Amino acid sequence: MAGAAGPPDWAGVRFPRPFRRHQQLALDAIAAAVAGGATRSWVVLPPGAGKTLVGLEAARRMERPIVAFGPNTAIQEQWRAAWAEFTPATIPTGTSRDLSAPVTALTYQSLATFDPDAEVDEEGREHRPSSTERRRGSLIDRLHANGAALVKALEEAGPITLILDECHHLLEVWGRLLAELLENLPHAHVIGLTGTPPDTLSAEQSELVEELFGAPLYSTTIPSVVREGHLAPFAELAWFTEPTPGESQWLAAQAERFAELRADLLKPRTGFLEWLDRRFVTRPVNSGAGHAEALAVEWSRLEGDDPEQAGAALRFHHAGLLALPPGAALREEHRHEPTAADWVALLGEYVTTCLVPSSDPADQKLVDEIRAALPSIGYQLTKRGIRRGRSPVDRVLARSEAKTDAAVQILAAEAANLGSRLRSLVLCDHEQASATLPARLRGVLDAQAGSARLVLARLVADERTAALDPVLITGRTVAASADTARALVKFVARHAPDIDLDPIDDDATGIVEVTGRWSARRWVRLVTTFYEAGVSQVLVGTRGLLGEGWDARGVNTLVDLTNATTPTAVVQTRGRALRVDPDWPEKVANTWTVVCVSENHPGGTSDWDRFVRKHQGYFAVTDSGEIVSGVSHVDPRLSPYAPPPVAEFTAENTLMLDRAADRSRVRELWQVGAPYRDELVHTIRVQPAKPDSRDEPGPVPATVEAPELVPAARGAKLAETEYVVPGHQPVVVAAVVAAVVVLVAVSAGSWWLGAAAPIGAIGVWGDWQRRRRRVELSAGRALAGLADGPGPFAFGYAVADGLHAAGLSEVGASGVTGVVEADGAYRLALAGVDAQTSKLFAESLDEVLAAITAPRYVVPRYVVDTLPGPDDAVRAAGRAWLRGAAPDNAVVYHAVPSALGVNITRVTCFVEGWNRWISDGDAVRIATPEGEGIIVTHRGADPFAATTGLRVAWG
């Protein structure tokens, strides 16, 4: 490897600014590993956290020639620009495969004839070698001559430091090729850098990572870097839309055939509902000759063997089409109408086991009807069963023109909010459609629907967004309105006079391409500078070029129109807007996802499902300040299992626009600079059927005190020193004294003294009566106060105390934290414990609040009736309770959480907490006559009218 005269002075070059906390921790981890003899290092830092600097500084300290690989030319240029910041600038960089410079920046595609800026295809898939090609023989032996020459140069370079930037790409595309290459470079130090969390890797990817790098040396999260102030606070927002009228009409027509099939299947003659009942409810099995049928399997086993079918069956129950299977419990994901996928999950087995083997012509006719109807929802009936095909319905939803129109609405609103500060990025999957539409979609979708080209056209056509001078930039094209293009040509002439661009005709109108002697390597940097200068306020690009590695610190609004849902794509795409902006220290970024949902088709939620996958495992702040993963950070009311009704879309979009406009509040919610633990906390959200007027929205007080009373089988459980009725002794003593005084007075002739004595006794008696009535009224009021029942936090306190007493948690009720949200929902978590314990708490509380199914133990909760308002009635109730004559209270049963029901010791721990916070009563084992009776009468009953949802938060 050639370079400057003499060996490079690595020790004499320094980065001129202090390293950030996360950068220093990563560098320390790499240094410790190298000192221990390691030659492979892997660190995880989110986009914007300074991975490039970490890689270069770690490599510089090794004092060897540096070769950095990245996934595209934008990242390749970043490496060169980052090294240029090291001073003094005595060590040059290069991009040549001959490795002639001490610091060389290359793309992974330098190893193969593969366009580094190629777009993903129209379905959002990246171009990559086929699995057959990756498996067949040695990959290095089949490289193009240019790639082979690079491999040879690497092998002959001597000891080098190899930096693999965004090394998740190795897992997706070139992992095996790099694995072979590294075998040929035994003396190379390898530094892997990525922004993708390691816990999102598949089993195959994890295996390859272990082979290439081992365990990550250092990893941090996006929220932690935001708290440190090195990434911008941000809000995740969504715009919900229906398909256009024409698209909706087509979807409705497509749904008709499947709707007819569903109606036919529900008729008794088909036997489908009877099969469902036998398959999931009665579940009989023939035990052999002479033996009665018995229950085949426990529900837990059936659910474990086929969760997709079990979930579909429970949604059929929710829709009233199936009884509740014994042992099953409805959770959040089941309280929705069955989807097209649910019908397919159940139809598959029904067709193959019941209809196909049948010789009944009616069954064969039904098979033909199912075969004809399935393509309308994206499936096909084959000899091997029902298989998913390419769904035109999904294509319509993914590329709906309504999504393009939504992008215009979003940018118009953001421009009104930010004015000249707006710097927005719209990301699409592809620049323009390269294939013709399927015949059945012609006239339904615009040929360019979903493309960056169409987005640009709509932005230019709307006067609100045309004023933002949008520019299209992809790996192959730069385009804009004629006026904006002229301004760009002049800008390039001033900033890069060596580039010869074709002039834009003075009479040109509409959208034109900016052409000339330049390539993506040059135009990305120049168009970005044009954009950062504010001449253009909107860039429209493709995920292949701008969705990863491209940096513009001013980006404060991102509109995601892509179909990519992998953790890598999500983290990288959103990372484009998270850089801090030195020109706007208070920058807050808004990231919008546009979601198209149709209620006119059973498969109309496919775009919603993509939206859910995008947010799964990605953490962002909610409007109440919690940092959680999943769609609940967009709106806590959103469920990952079903979209909101279309009728609520306008209200949701209004809410999103209000949140987008209040960037200062989002910054406050992130609490930049506040301490944090960088740990995951499992939470539970409880939405009571009726709002509880006792609790105001906001955080729950940190101090907790157990109630004085809890309900009992009759009245309430009475503490020894509470509500003591004054005894009769003072009255008796007063009466005796009065009698004695009267006798003495009469005998002594002092009749006036004899008359006064009874008056005093009467006074004592009256005082005793007043005291007794006060105690009875106070007791009655306390009893009346129990009629509202315990709130969600009381149940949380009971569970936490039970876990603590059983040795399953380090803290009890004092560790329960949470808030009451504006819509009346409660969000609870157990603080001061590790993630696994917080998960145990959330799941245990969910079991307690859920309907009874098949627990080992149940515990009673007595319910006090509402008392009449007048004091006399309340006093009478208190008197009856204090005298032990209170009527029996109603009772409901709750499951003892499975973690606390494994043995009697743990059950006792839970019951003690239950008696302290919720109700008197002892646990009942189900495997007893009493327990069997409870299950028969209470199975499926909802003991606490609320819906729950489990979430994962960051803290």
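**Note on the predicted model: sheets, helix packing and selected residues**

1. Strands β2 and β4 pair in the parallel sense over five bridges; two strands count as paired if DSSP finds at least two bridges between them. Helices (H or I, at least four residues) and strands (E, at least two) are DSSP runs, numbered from the N terminus. In this pairing, phenylalanine 69 has leucine 106 of β4 as its bridge partner. On β5, β2 has a further parallel partner, with four bridges, and there alanine 68 stands opposite isoleucine 163.

2. The structure is a predicted model, in which local features need pLDDT of at least 70 and side-chain atom pairs count only at pLDDT 80 or more, while totals for chains, interfaces and linings use all residues. Residues are numbered from 1 along each chain as its sequence is written, and side-chain values use heavy atoms, with hydrogens and water left out.

3. How many of the residues of β2 are buried? Five of the five are, so β2 is largely enclosed by the rest of the structure. Here buried means under 20% relative accessible area, exposed over 50%, and partly exposed in between (1.4 Å probe, protein chains only). Ile66, Ala68 and Gly70 point one way from the strand, whereas Val67 and Phe69 point the other way, and all are buried.

4. Strands of a sheet pair through backbone hydrogen bonds, either parallel or antiparallel.

5. A second open sheet has eight strands in the order β8-β19-β18-β13-β17-β14-β15-β16, and its pairing is mixed. At the edges stand β8 (234-241) and β16 (511-513), each with a single partner strand, so one side of each is left without a neighbour in the sheet. Neighbouring strands are turned by 20° against each other on average, direction ignored. The partner of β8 in a parallel pairing over eight bridges is β19 (residues 589-596), where valine 595 stands opposite phenylalanine 240.

6. Helix α17 (residues 452-461) packs on this eight-stranded sheet. The helix touches β13 (424-428), β14 (471-473), β15 (478-481), β16 and β17 (538-542), and its direction makes about 165° with that of β17. Contact means heavy atoms within 4.5 Å.

7. Serine 424 is in strand β13. Is serine 424 buried or exposed? Serine 424 is buried, with a relative accessible area of 0%. Leaving aside neighbours within four places in sequence, serine 424 is in contact with Leu411, Tyr531, Gln537, Val538, Leu539 and Thr557.

8. Glycine 807 is in the loop between α28 (792-805) and β26 (816-820). This residue is exposed, with a relative accessible area of 61%. Glycine 807 and cysteine 909 are 102 residues apart in sequence and 9.5 Å apart in space, C-alpha to C-alpha.

9. The axes of helix α12 (residues 307-318) and helix α13 (residues 340-355) come within 9 Å and cross at roughly 115°. That makes α12 roughly perpendicular to α13; angles under 35 degrees count as roughly parallel, over 145 as roughly antiparallel, 65 to 115 as roughly perpendicular and the rest as oblique. The residues in contact include Ala312 and Phe316 of α12 and Trp343 and Leu346 of α13.

10. Helix α9 (residues 245-265) and helix α15 (residues 392-399) have axes that come within 11 Å and cross at roughly 160°. The two helices are therefore roughly antiparallel to each other. Their contact is made by Glu247, Trp250 and Leu251 of α9 and Pro392, Val393, Val396 and Leu397 of α15.

11. For the whole protein chain, there are 32 helices and 31 strands. Of its 955 residues, 54% count as buried.

Methods
Axes are lines fitted to C-alpha atoms, for helices over the stretch in contact, and angles run from 0 to 180 degrees between N-to-C directions.
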